Structures are given as structure tokens and as C-alpha cells.
4 protein chains.
Amino acid sequence: MVQSENGIRVAVIGGSGYVGGELLRLLLPHPAVKEVRAFSESHAGEPLGEVHPSLLHLEGGSFEAPDPAGAASWADVLFFALPHGKSQEVMEEVLAVDPGLVIDLAADFRIHDQDLYRLYYGEHKAPAALEGFVYGLADVLGEGLRGRKRIAVPGCFATAALLAVHPLAAEGLLAGTPTVFAVTGSTGSGAKPKRTTHHPVRAHNFFGYSQAGHRHEAEAAEQVRAWSGDPAAGLRILTHSAPIVRGIHATLAAHLKEPLEDPASLFRKVYGGRPFVSILDSPPELSAVVGTNYAHIHALSREGGRVVVVDCAEDNLVKGAAGQAVQCMNLALGLPETQGISFGGLYPC
Amino acid sequence: MVQSENGIRVAVIGGSGYVGGELLRLLLPHPAVKEVRAFSESHAGEPLGEVHPSLLHLEGGSFEAPDPAGAASWADVLFFALPHGKSQEVMEEVLAVDPGLVIDLAADFRIHDQDLYRLYYGEHKAPAALEGFVYGLADVLGEGLRGRKRIAVPGCFATAALLAVHPLAAEGLLAGTPTVFAVTGSTGSGAKPKRTTHHPVRAHNFFGYSQAGHRHEAEAAEQVRAWSGDPAAGLRILTHSAPIVRGIHATLAAHLKEPLEDPASLFRKVYGGRPFVSILDSPPELSAVVGTNYAHIHALSREGGRVVVVDCAEDNLVKGAAGQAVQCMNLALGLPETQGISFGGLYPC
Amino acid sequence: MVQSENGIRVAVIGGSGYVGGELLRLLLPHPAVKEVRAFSESHAGEPLGEVHPSLLHLEGGSFEAPDPAGAASWADVLFFALPHGKSQEVMEEVLAVDPGLVIDLAADFRIHDQDLYRLYYGEHKAPAALEGFVYGLADVLGEGLRGRKRIAVPGCFATAALLAVHPLAAEGLLAGTPTVFAVTGSTGSGAKPKRTTHHPVRAHNFFGYSQAGHRHEAEAAEQVRAWSGDPAAGLRILTHSAPIVRGIHATLAAHLKEPLEDPASLFRKVYGGRPFVSILDSPPELSAVVGTNYAHIHALSREGGRVVVVDCAEDNLVKGAAGQAVQCMNLALGLPETQGISFGGLYPC
Amino acid sequence: MVQSENGIRVAVIGGSGYVGGELLRLLLPHPAVKEVRAFSESHAGEPLGEVHPSLLHLEGGSFEAPDPAGAASWADVLFFALPHGKSQEVMEEVLAVDPGLVIDLAADFRIHDQDLYRLYYGEHKAPAALEGFVYGLADVLGEGLRGRKRIAVPGCFATAALLAVHPLAAEGLLAGTPTVFAVTGSTGSGAKPKRTTHHPVRAHNFFGYSQAGHRHEAEAAEQVRAWSGDPAAGLRILTHSAPIVRGIHATLAAHLKEPLEDPASLFRKVYGGRPFVSILDSPPELSAVVGTNYAHIHALSREGGRVVVVDCAEDNLVKGAAGQAVQCMNLALGLPETQGISFGGLYPC
């Protein structure tokens with residue numbers, strides 16, 4: 001277990017976005033963490049609490065100017081919360097200093113099949129660096145993450161969609177490509193104002209986007225193929241913007257090879273003992289998981305069991321990003337899996 | 001054309017709910033309407049503007065106590081905006097006075113296949129009264145409604161789902177049962193407060209419901225069967241509650257028998273000249289149709305054209321209820337189809 | 001009455017913002033208007049319906065490049081919907097062509113006292129052009145606007161605050177400066193995205209701003225001084241941003257020189273017959289006026305009648321801008337005051 | 001310090017409302033609390049997590065049927081979270097068993113002046129029980145609560161209004177009765193659905209209520225009189241409902257006896273060292289305090305310092321109820337003041 005004498009040293013690279021802010025909110029009071037440094041190009045020199053109101057009442061310093069190699073030499077755990085495409089530009093330099101645990105929250109190191117990656121993202125700039133990375137779907141891998149040194153945290157949509165489909169895929173039940181209908185809140189678009197997140201436009205609106213092929217379909221396909229053993233398997237993710245701030249709700253409609261009467265039992269068996277996945281008796285409410293690292297799931301069968309519908313609700317910035325990243329850290333370092341992230345949500349909020 | 005000398009006499013039976021309020025908002029200033037009477041059991045005697053703030057600045061009287069047969073004798077056009085199951089209790093009495101045009105907005109007279117009806121609603125109380133009723137999907141039937149005397153207005157979800165699937169079904173392109181993911185605003189639950197529409201619960205929430213088989217699947221199946229000629233055809237409608245007040249957004253994912261490269265062309269051809277259906281070049285925004293009788297549709301192909309995704313946005317109380325009902329009246333009576341309902345929306349709102 | 005043979009020619013200068021969009025929404029179907037031309041620097045050449053979804057189903061052309069003098073020569077009525085400070089830059093050039101009716105919606109020509117203007121806005125660039133302008137508080141002036149050629153439409157906050165205080169000021173009842181607590185929706189900040197209108201920030205937020213002296217206090221003070229005859233009179237307007245899209249709610253707390261038992265009677269007397277001001281028996285709901293040109297007002301006395309509290313609700317873009325501007329046009333030209341703007345709102349919406 | 005050997009035993013009487021739910025959310029994981037029992041008439045027998053989704057992932061049992069005297073005998077600390085008027089019905093029975101610390105969250109024991117109480121609430125049923133109660137405005141009293149056995153927690157509006165006015169009142173600066181304009185979210189109306197919290201009605205609405213004299217003016221007056229030494233002093237609280245779920249924003253406008261140039265300095269001095277009150281350099285955002293026990297305050301002077309405007313933002317269920325109640329418990333028992341309630345908020349959320 002990589003750890004300093006009295007706790008872990010953590011560096012957050014790219015801490016000024018919403019995901020970075022959530023990482024800092026979770027890591028600053030984390031019982032196993034001794035020290036946190038945050039790096040930001042655009043906000044270097046500014047106190048954390050001025051950039052992120054959620055940090056106003058936490059002890060924390062100021063953002064430092066970016067220094068990936070320096071941070072990598074100092075830290076026991078290195079979190080990258082940069083825009084997609086940026087971490088692959090510095091990863092070779094970072095790996096050269098033989099860092100401790102590296103956790104990347106962008107898409108850069110999630111996909112090993114380069115043909116699949118290229119289709120959605122273009123040419124990768126550091127394919128050699130991919131090798132040691134594991135796809136950190138923490139609620140599925142669990143102890144499988146123990147001792148891992150390079151973790152790519154799944155995307156927000158992919159996390160919800162994959163948690164919904166995993167039991168069906170792993171049991172080899174899927175007939176054809178299932179469809180996931182997913183909605184996200186406005187924090188999914190980041191901290192920079194734009195037309196689709198302008199309050200007058202977004203506040204009472206609802207619209208689809210990227211429905212010809214959302215990028216998260218790439219990482220989802222790679223996982224579904226591995227679980228099912230079917231190299232042609234995939235996941236159709238139809239994404240929508242809803243007038244909510246936080247949260248993702250995914251509805252999976254899957255045709256099965258043979259009828260399944262009681263999908264809830266299968267889901268309870270597969271996720272039994274996993275602390276952050278709850279299989280509910282009724283459809284999950286998004287509000288109940290906002291701000292938490294929990295995923296709430298409900299599964300039902302219809303049309304004689306040949307079709308299964310699974311609803312999954314999560315917080316896009318916690319379970320779909322920063323919370324899962326800390327869960328990965330806990331698992332990789334052998335800390336208690338729920339340490340620092342076991343809190344429930346506000347309700348109503 | 002059934003019409004009084006100086007305009008039409010209209011009666012609205014059950015005018016105190018949200019759909020009733022919208023009917024009155026559209027009918028009171030309608031250029032072809034001479035007189036409107038509104039009936040309500042719970043609000044008899046109260047001025048319209050006290051029950052519906054939208055009517056505050058319109059000339060209108062007060063709600064009268066229910067008198068279906070009396071209203072039927074007086075009116076040229078009779079609208080029923082009662083809870084499901086109530087209009088079938090009085091329809092035989094109403095039809096006995098040989099009324100003019102009867103337009104029912106509940107589910108009672110939408111479904112002719114009694115096996116299908118029974119599956120979702122139980123036993124019908126007045127099956128004989130069903131005979132003359134036509135399913136008033138106005139944007140598809142158009143002039144086909146001219147001269148009709150008995151019209152059952154489609155359900156809000158069914159309208160959006162059917163407008164999305166109609167061109168594909170009518171062309172015989174569907175392979176298997178398509179899935180519709182639909183979200184609705186809180187007005188869809190009616191004017192009576194309950195837990196799922198309690199502001200603290202609903203304001204930032206999102207959740208599925210009735211996903212094992214929403215009632216609107218019954219009327220949708222009957223239409224898709226008629227259009228496609230396939231007696232086993234159907235539509236899977238997975239419904240969700242979103243934190244919006246008005247509007248329905250439906251996303252259809254359909255597998256096709258053979259690839260269709262350019263679904264937008266098909267949709268433009270099928271809906272060409274229909275005044276209330278717009279085929280857009282990009283996904284529709286719900287906000288753009290709120291308060292209007294327009295349906296905005298976008299269709300795209302993916303996976304080599306074997307899968308088509310169609311987004312359809314509408315206002316649940318107008319296009320999905322009162323607006324379509326007035327459009328049915330216009331068409332049935334030979335009035336200009338858009339009369340009194342051609343206004344656009346507020347944006348942003 | 002300035003009017004072309006078959007209706008009025010209208011030009012909207014600066015039509016791409018939210019106020020410009022609302023002007024076009026009201027003017028394009030206005031019964032007395034024959035032709036509308038819209039000018040925009042940033043959107044020249046673009047169809048109106050692409051810039052403003054509310055115009056999608058209205059007949060309308062495209063935005064033209066700015067040509068104030070040309071527009072002034074062509075039009076019977078000229079609306080300026082430019083950012084504050086811009087109309088004073090072109091007004092002298094416009095007035096030089098001896099235009100018909102000129103209606104400015106910015107602050108530029110609202111304030112005649114140049115010391116007052118300077119305090120809040122700095123030096124005026126065209127003070128000579130101010131002379132003919134009247135402050136178009138339409139619900140107070142009414143027929144007093146008949147025949148006027150130059151009208152400055154009041155600001156959104158000022159309209160609500162002044163309608164609330166006018167009866168008290170005009171009766172000479174005010175003791176000291178009353179306080180108005182006002183909240184506005186996000187459309188008040190315009191169509192350009194910024195941090196305070198970023199959906200994640202604004203959606204569930206509430207905060208004050210400009211409370212040391214909002215600019216609308218200047219125009220409000222000039223009116224209150226004129227009404228009360230007290231050169232030291234004023235209005236304290238404490239502004240707040242609320243998580244709503246449209247609407248302003250103003251709460252006036254005024255100390256009176258002598259007790260007033262029944263302020264509602266005074267308000268009913270003063271606004272009797274005015275078509276767009278309703279004095280209600282209970283506090284107004286913002287939702288009931290959104291999208292309309294109506295102001296809803298409630299007045300009560302407390303503390304033995306020495307303090308009067310007045311609530312006023314309006315739509316900031318209609319009654320507080322475009323609707324009032326059209327009302328000014330109607331009145332100035334001798335058209336029916338409510339023509340084209342008498343519609344009620346959606347409720348609920 | 002009243003405490004069991006290995007931690008405190010806590011009973012929550014009336015735990016099924018929103019305030020009860022928040023108490024349980026804070027007390028169940030509180031480091032000094034050993035055991036929590038929750039009592040509810042309407043939900044006896046139901047697991048806590050079924051009634052309050054926020055408790056789903058906390059260890060907790062089920063609600064028990066009410067037994068005030070039994071609870072009082074068992075518990076070290078007794079919280080009452082009943083509707084107003086209910087705790088005075090059982091308090092004499094409770095006090096008869098000589099309980100430990102009693103903390104009431106209703107209005108019943110906040111006001112000692114019976115004339116004032118009667119004016120707003122009618123006749124008190126147990127005036128003798130009032131004697132030992134202290135008004136628990138924790139951020140003002142601080143260590144003054146040490147050792148107290150009977151605490152009445154201030155109302156949500158009163159807390160925000162009093163924190164805003166306290167420094168001015170205590171310094172004897174107030175000239176006349178200041179006005180507080182306050183807005184609240186829908187959780188302030190409780191867990192039971194009603195028209196004004198029906199989502200279609202509330203979601204985009206804003207309206208005033210109780211502006212002729214809100215009940216919280218009574219407790220506020222008693223405090224302002226005590227602080228200022230002026231028996232005629234008071235606070236005018238004009239309340240409004242906003243389309244938010246949680247939070248109260250109060251804006252105080254106060255006329256001063258003599259000019260105060262720099263009110264922020266006074267506020268910083270008065271609240272220096274108080275852990276839950278932050279004096280900000282700019283107006284507080286409600287979103288930054290939602291879910292927390294912090295009050296954020298901004299004070300500015302205008303009109304030559306003769307008028308001071310103070311904005312105060314708080315969470316109505318935490319700082320305005322359950323959080324302040326736990327803070328009172330901490331202070332009364334000599335525990336660290338911030339124990340169990342020091343967490344910051346989510347932002348954005």
C-alpha cells in the first residue's frame with residue numbers, strides 16, 4: 001500500500017472544474033488523506049473556497065500553477081480532472097517519474113481497443129501509456145482494484161448504463177444491442193456558461209443530443225463485449241439534457257435470449273454486498289442519490305420476461321466521477337471501500 | 001357543417017381540471033365560437049377566472065352544475081374533459097338526445113378492440129356507444145375528420161409516440177416492437193396535489209413509472225396495427241416524470257426491416273402540408289412548443305440505417321389534449337384547421 | 001394618426017435580444033401593423049425564427065443589417081431595443097429624418113434631470129434629443145400618450161415599483177422614502193450566457209445585487225418627485241435574482257403621513273378602468289401574469305394603517321418592456337389600447 | 001454535562017416531518033450520540049429510511065408510537081419536532097419526569113411575553129412550563145447556552161431576520177422598525193402536499209403571504225426589545241414563497257439613528273469567532289448554504305450611511321431548525337459547538 005507515514009498525499013490536477021471541485025470536497029476531509037494540493041491553469045493563486053463555494057468552510061489552500069511531473073513526484077495519489085484529451089498529453093512525462101497511484105477521470109485511458117477509440121475520439125496521442133490502465137467501474141470490480149496503480153474512471157453516462165446492464169451482460173442474456181435512454185443535469189456540461197446551459201434556455205427545457213452515437217458508447221461497448229464474450233456486443237446510449245442540476249437517470253430496455261421472470265433477484269445476487277449499489281423495490285428517485293456515491297437500481301420484466309427494463313439513478317459528479325474516483329483510490333490502496341464517501345443525501349433538496 | 005346562425009355553441013363537461021381549463025382558454029376567444037358553457041361538479045357556481053387564472057382576463061361566466069343531457073341538447077359541440085371512466089357512464093344518455101359533435105378527451109372511446117381495452121382498463125361500461133367514435137389523431141387524419149360526429153382525442157403520451165412512429169409504421173418499415181422513452185411534466189398528473197407532485201419532492205427529481213405497461217400502449221398498439229397491417233404490432237412506452245410543468249418529450253428507437261438512410265425525408269413527405277407538425281434539422285427543444293399546438297420532430301438514422309431515432313416534443317395539455325381537441329372540432333366542422341390555435345409559444349419561458 | 005394606407009409600417013432596431021424577440025412576437029400578428037422589418041448587427045441575414053424560437057410559426061423575414069436613418073425614413077413606428085447607451089448614439093441622426101413615432105426601450109431617454117441621470121449612468125451623449133421624450137408608463141398616462149411622437153419605455157423594475165407606489169405618491173401620502181424589494185427572473189439579464197445565469201448556478205439560487213443603488217432608482221425618483229411634488233422624494237429598490245425565467249415581483253413597504261385603513265379602495269379608484277392593471281383581493285401570483293401585459297396588484301395596511309404593503313407582479317419582458325412599448329404605440333396612434341396585447345397567460349406553466 | 005457512559009441517548013418526538021427527518025440525519029451519525037429513538041404517530045412501525053430517503057444508508061430502526069413521558073425518562077436529550085401547539089400539550093407531563101435536556105423546535109416556548117404570544121397564537125395552554133426556556137439563537141448566545149436544560153429553537157424566518165438585525169439592535173443603532181423581506185423554499189410548508197406546494201403551481205411562481213403580520217414577528221420583537229432595551233422595538237417581516245426547495249433569504253432594510261459608514265466591520269466584530277456565521281464581501285448566494293448549518297451575511301450602507309441593507313442566507317431546515325437545534329445541544333452539553341454539523345454544502349446543487 002502506497003502511503004506516507006501519517007496519511008496519504010494527494011494531488012488534484014485540474015481542480016477548477018465541477019469534477020475537480022467535487023474531488024477536493026471529498027478528499028480534503030478524507031480520514032486517510034494527510035495533505036491535498038490542487039493545480040489549475042486558469043485559477044492559479046486563487047483560494048479554493050473562492051473558486052468552489054462548497055469548499056468555503058473546509059481548510060484548504062490555494063490553487064497552484066500546473067506542474068504534473070512535480071506533483072507526480074510529491075504525491076502518493078494523483079488525480080487528473082482535465083478536459084478530455086489533455087491527460088494523454090502529459091501522461092508520458094508523468095509516468096516517467098514512476099508515480100504512485102494515478103487516477104484519470106477523462107476518457108483518455110478508458111478504452112484499450114484503438115479502433116473503437118478512434119471511431120469516437122480520433123487518434124490517441126499516447127497509446128503506449130494505456131497499457132497499465134484498468135477501467136475503474138468500482139461497483140463491479142471491487143477488490144479487483146486492490147493494488148492497481150493506473151485507473152481510468154468511467155464516464156458519467158457509462159457508469160449508470162453499465163451498472164444497469166452488467167448483470168444481464170455477464171449472464172449472457174442479451175439478445176442484440178440494448179437501448180439506454182439517459183438524461184443528465186446541467187453540471188454535466190461543465191462550469192463554463194454556454195447557450196444550452198443558459199438559465200432562460202435550460203430551466204424548463206428538455207432535448208436530446210448526440211443520439212447518432214454518444215462517445216460513452218465506446219467505453220460501454222468495450223465492457224459489454226468483455227462481460228458477454230460477444231465481440232459484436234454494444235450499448236445504444238440516447239442522451240438527453242433535462243432541467244436538473246445534478247444527476248443522471250438511465251433507463252435500459254433490453255431484449256433477452258430467453259425469458260427472465262425475476263430480474264430483481266439476479267440484480268440482488270450480482271450486487272449483493274456491494275456497498276454503493278442498492279436494488280430497490282420501486283423505480284429510483286434521482287433526488288435520493290444526488291450528492292452521494294450511491295447508485296439506486298430497479299429492474300422489472302415485461303412482455304413475458306423477454307424484455308427487461310432497468311432504471312438506474314446516480315449523481316453524475318459523485319458516483320459518475322469524483323466519488324467513484326475516491327472509491328477506486330480506497331480499493332486500490334486497501335482502505336475501507338466506503339471511507340470518506342459513505343454519507344447519504346439531502347432529501348428533499 | 002353543424003353551426004348555429006352566428007357561431008357555434010360549445011359545452012365543456014368537466015371544465016375544472018387542467019385540460020378543461022385549457023379547452024376554455026382556447027374556446028372562449030375562438031373566432032367561430034359564439035357561446036361557451038362550462039360544467040363542473042366540484043366548482044359549480046364559481047367564476048371561471050377563479051378556478052383557472054388563465055381565464056382571468058377573458059369574458060366568461062361561472063361553472064354550472066353537471067347536466068350532460070341538457071348540455072347535449074343545447075350545444076353544437078360537446079367536449080368531455082372528465083377523468084377516465086366517467087364519460088362512458090353518461091354517453092348513452094347523451095347520445096340519446098342526438099347531439100351534434102361529441103369530442104371526448106378521456107381514454108373511454110379511444111380503443112375499439114375490447115380485448116386490448118380490457119387488458120389495460122378492465123370491462124367497458126358502454127361498448128355499444130363506441131361504434132361511431134374515430135381516434136382523433138388530427139395531424140395524421142386531417143381532412144379524414146371532416147363530417148365526423150364522434151371523436152375520441154388521443155392520450156398525451158400516445159400523441160407524441162404515434163406522431164413519431166407513424167411514418168415508419170405506415171411504410172411497413174418496423175422490425176419488431178419499437179421502444180419509446182417518454183418524459184412528462186407535472187401537469188400530466190392533474191390539478192390535485194399528491195406526493196409525486198409535491199414541490200419539494202418533484203422540483204429536482206426524475207423517476208420512471210408504469211414501465212411494466214403504460215395504459216397508452218393500448219391505444220398506440222391499435223393504431224400501429226392499423227397502419228402497418230400487422231396484428232401483432234405494438235409500441236413499448238416507458239414513461240418518466242421530469243421536473244417540468246408542461247410538455248412531453250418522446251424518443252423513439254426503432255429497428256427497421258431494411259436500412260433507411262434519410263428518415264427526415266420520409267417524415268417531411270408524410271407530414272408535408274400538415275400545419276402543426278414541423279420536421280426540424282436538429283433535436284426539438286421542449287420549451288419551443290410549450291403552450292402551443294405544434295409538434296416538433298427530428299429523425300435520424302444510426303447503425304447503418306437499421307435503427308432510426310425519432311424525437312418528438314409537444315405540450316401535453318395542448319397538442320396532447322385540448323389543442324388537438326379543438327383541431328378535431330375545426331376539421332370535423334369544416335372550419336380552417338388552424339383557427340384559434342395557430343399561436344406560437346413564449347421563448348424563453 | 002400616423003399610419004400608412006393599409007396598416008402601420010414598423011421597424012425594430014436591435015431585434016435579436018430577448019426584448020427584441022418579444023417585440024417581434026407582438027408586432028408581427030398585430031392587427032394594425034402592415035409590415036415589420038427587424039434590424040440586428042449580430043444576426044443580419046438570419047431568419048427571425050432561427051434567432052427566436054417564438055417566431056418559428058409566424059410569417060416573418062430575416063434580420064437586416066442596421067440602418068437607423070433608412071429605417072426611420074421607411075417606418076411609421078420605430079422601436080429601439082438596443083443595450084443601454086446605444087440609442088443615444090444614433091438618435092440625432094434618426095431625428096434628423098423627421099421620423100414618425102419613436103419608441104425607445106433603453107434607459108437613454110427616460111430621465112430628464114441630467115444630474116440624476118449622471119449619478120447612475122454618467123454623461124449623456126445626446127441631451128438635446130431628450131426634449132420631446134415622454135416617460136411612457138402606459139398604465140398611468142393612458143390617453144395622455146395620445147399623439148406623442150417620442151416615448152421612452154420605463155425599465156422593468158421601475159414599471160413594477162412605480163405601479164405599486166403611484167396611488168400613494170399621487171395622493172401625497174408618503175412619509176419618507178419607501179422601500180421596494182424586487183425579484184427578477186433570469187431573462188432580465190439578457191440572452192448572453194454568463195456566470196449568474198449559468199443553469200447550475202442559477203437554478204436553485206437566490207441572491208441580491210445592486211442593493212447600494214440600482215439604476216432604476218433614477219427614473220423612479222423622477223416620477224415620484226413629479227407625482228408627489230416633493231423634490232426630495234425617491235424610491236429605494238433592492239433587487240434580487242430568483243430562479244425563475246420570466247417575471248418581476250415587487251413588494252413595496254411604505255410609511256404614510258397619516259393612517260390609511262383601506263389602501264385597496266384607493267388603488268381601485270386610481271386604476272379604475274385601466275385595462276392592464278388588476279387590483280386583487282389576495283397577493284398576486286407571478287405565474288398568472290407571465291407572458292402577458294397585465295400587472296396584478298394587492299395592497300394591505302398594517303400597524304394601524306401607518307404602513308402599507310403593496311405587491312405587484314408583472315412579466316419583465318412584456319409589461320416591463322415589449323408589451324408596454326406596444327401599448328404606448330397603441331395609445332400614441334389612437335388605436336384601441338389593448339389591440340394585439342390583450343391575451344391572457346398560460347396557467348399553470 | 002448530562003451524558004450516558006458511552007454517549008448520549010437522544011429521542012426525537014415527531015420525527016416524520018421534514019424537520020424531524022433533518023434531526024435524524026444529523027443525530028444518527030453524530031459522534032457524541034450513542035442511541036437515537038424516533039417517535040411518530042402517523043408512521044409508527046415504519047423504517048426510518050422508508051419515510052426519509054435521506055436516512056436510507058444510515059443505520060436506524062423504525063418509528064415508535066408516541067410516548068413522551070417514556071421517552072423523557074429514557075433519553076438524555078429530548079427533541080420535539082411537532083406542529084405548533086402540540087408540545088405545550090405534553091410538556092407538563094414531560095417535565096414531571098424531570099427529563100434531561102429538552103429542545104423544542106415549535107413556537108410553543110419561544111415567547112415569554114404572553115400578550116405578544118396571544119396576539120399571534122392565541123392563549124397558551126401551559127404558560128407555567130415556559131419559565132425555564134431560553135430562546136436558543138445559538139449564533140448569538142454561544143456559550144451562554146452552556147448548562148441550559150430547556151431550549152426553544154427559533155423559527156426559520158426569525159433566525160435569518162434576527163442574525164441580520166442583531167448587531168444593529170445590540171448597538172442601539174435602529175431608528176424605527178426595520179423591514180425584512182424574506183423568501184422561503186417549499187420545504188418551509190412541510191411534507192404534506194397542498195395547493196401552494198403543488199409542483200405545477202409552485203415551480204415557476206413567486207408570491208407574498210402573511211404580510212399583514214407573520215407569526216415570527218412575535219419572537220423577533222421579543223429579542224429586538226431585549227437587545228435594544230426599547231420596549232416598543234420590533235421587526236416587520238414580509239414573507240414570500242419562492243420556487244426553491246430549501247433555504248431562506250432575508251433582506252433587511254434598516255434606518256439608523258446616525259450614519260454608519262462601514263456596517264461590515266460592525267458585523268465582523270460582533271460575529272467574530274462564531275463558527276457558523278460568515279460575513280461576506282458580496283451578497284450571499286442561497287445555494288452556497290443549502291444543506292448546511294452556516295449563515296452567510298453581507299451588509300452595506302447607502303444614502304450616506306443612514307440606511308443599512310443586510311442580506312442573510314440560510315438553510316431553513318438546518319440553520320433555521322434542525323442544525324441550530326443540534327448546535328444548541330452541543331453548546332448546552334459542553335460538546336464542541338460544531339460537532340456533527342460542520343460539513344459544507346454541495347455547490348452547484
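## Reading a four-chain predicted model

Trainee: I'd like to start with one helix. Which residues are buried in α1(A)?

Mentor: In α1(A), the buried ones are Tyr18(A), Val19(A), Gly20(A), Gly21(A), Glu22(A), Leu23(A), Leu24(A), Arg25(A), Leu26(A) and Leu27(A). Buried means that 20 or more other C-beta atoms lie within 10 Å of a residue's own; 12 or fewer makes it exposed, anything in between is partly exposed, and the C-beta atoms are placed from the backbone. By that count α1(A) is mostly covered, with 10 of its 10 residues buried.

Trainee: How should I treat the model and its labels?

Mentor: It's a predicted model, so local features need pLDDT of at least 70 and side-chain atom pairs count only at pLDDT 80 or more, while totals for chains, interfaces and linings use all residues. Residues are numbered from 1 along each chain as its sequence is written, and chains are lettered from A, with ligands numbered from 1, in the order in which they are written.

Trainee: What do the buried residues of α1(A) pack against?

Mentor: They pack against β1 (8-13), β2 (33-39), α2 (48-51), β3 (77-80) and α11 of chain A. Two residues are in contact if those backbone-placed C-beta atoms lie within 7 Å. The element names come from DSSP runs numbered from the N terminus: helices are H or I with at least four residues, strands are E with at least two.

Trainee: How many helices and strands does chain A have?

Mentor: Chain A has 11 helices and 13 strands. Its radius of gyration is 19 Å, close to the 20 Å that the globule rule gives for 349 residues, so chain A is as compact as a globular protein of that length. The radius is taken over C-alpha atoms, and the rule is 2.2 Å times the number of residues to the power 0.38. Along the principal axes, the C-alpha atoms fill a box of roughly 60 × 45 × 40 Å. Of the 349 residues in chain A, 62% are buried.

Trainee: Which domains does chain A have?

Mentor: Domain bounds come from an automatic or database domain assignment. For chain A, that assignment gives domain 1 (8-154 + 319-333) and domain 2 (157-318). Their C-alpha centres lie 24 Å apart, and 27 residues of domain 1 are in contact with 27 residues of domain 2. On the domain 1 side, α1 (18-27), α5 (114-121), α6 (138-141) and α11 (318-333) of chain A each give two or more residues. The largest share, seven residues, comes from α11(A). That side divides into 15 nonpolar, seven polar and five charged residues. Here Ala, Val, Leu, Ile, Met, Phe, Trp, Tyr, Cys and Pro count as nonpolar, Asp, Glu, Lys and Arg as charged, and the others, Gly among them, as polar.

Trainee: How do I read the contact between chains A and B?

Mentor: The contact takes 35 residues from chain B and 35 residues from chain A. Elements of chain B that supply at least two residues each include β7 (179-184), β9 (236-241) and β10 (248-255). By class, chain B's side has 21 nonpolar, 10 polar and four charged residues.

Trainee: And how are the copies related?

Mentor: Two copies of a chain are related by a rotation about an axis and a shift along it. A rotation of 180 degrees with 0.0 Å of shift along its axis superposes chain B on chain A, with an RMSD of 0.0 Å. That is the relation of a two-fold axis. Chain D can be laid on chain C by a turn of 180 degrees and a shift of 0.0 Å along the axis, with an RMSD of 0.0 Å. For that pair, 100% of the interface residues of chain D are also interface residues in chain C, so the copies meet through the same surface.

Trainee: Which residues have the most contacts inside the largest nonpolar core?

Mentor: In soluble globular proteins, nonpolar side chains tend to be buried together. A nonpolar core is a set of buried Ala, Val, Leu, Ile, Met, Phe, Trp, Tyr and Cys residues joined through C-beta atoms within 7 Å. The largest one has 500 residues, and those with the most contacts inside it are Ala161(A), Ala161(B), Ala161(C) and Ala161(D). Leaving out residues up to four places away in sequence, Ala161(A) touches Val180(A), Ala182(A), Ala220(A), Leu235(A), Ile237(A), Ala250(A) and Leu252(A).

Trainee: Is Ala233(A) buried or exposed?

Mentor: Ala233(A) has 21 C-beta neighbours inside 10 Å, so it counts as buried. Ala233(A) sits in the loop between α9 (216-228) and β9 (236-241) of chain A. For contrast, look at Glu89(D) in helix α4 (residues 87-95) of chain D: with 13 such neighbours, Glu89(D) counts as partly exposed.

Terms used:
Least-squares fit on C-alpha atoms with pLDDT ≥ 70 in both.
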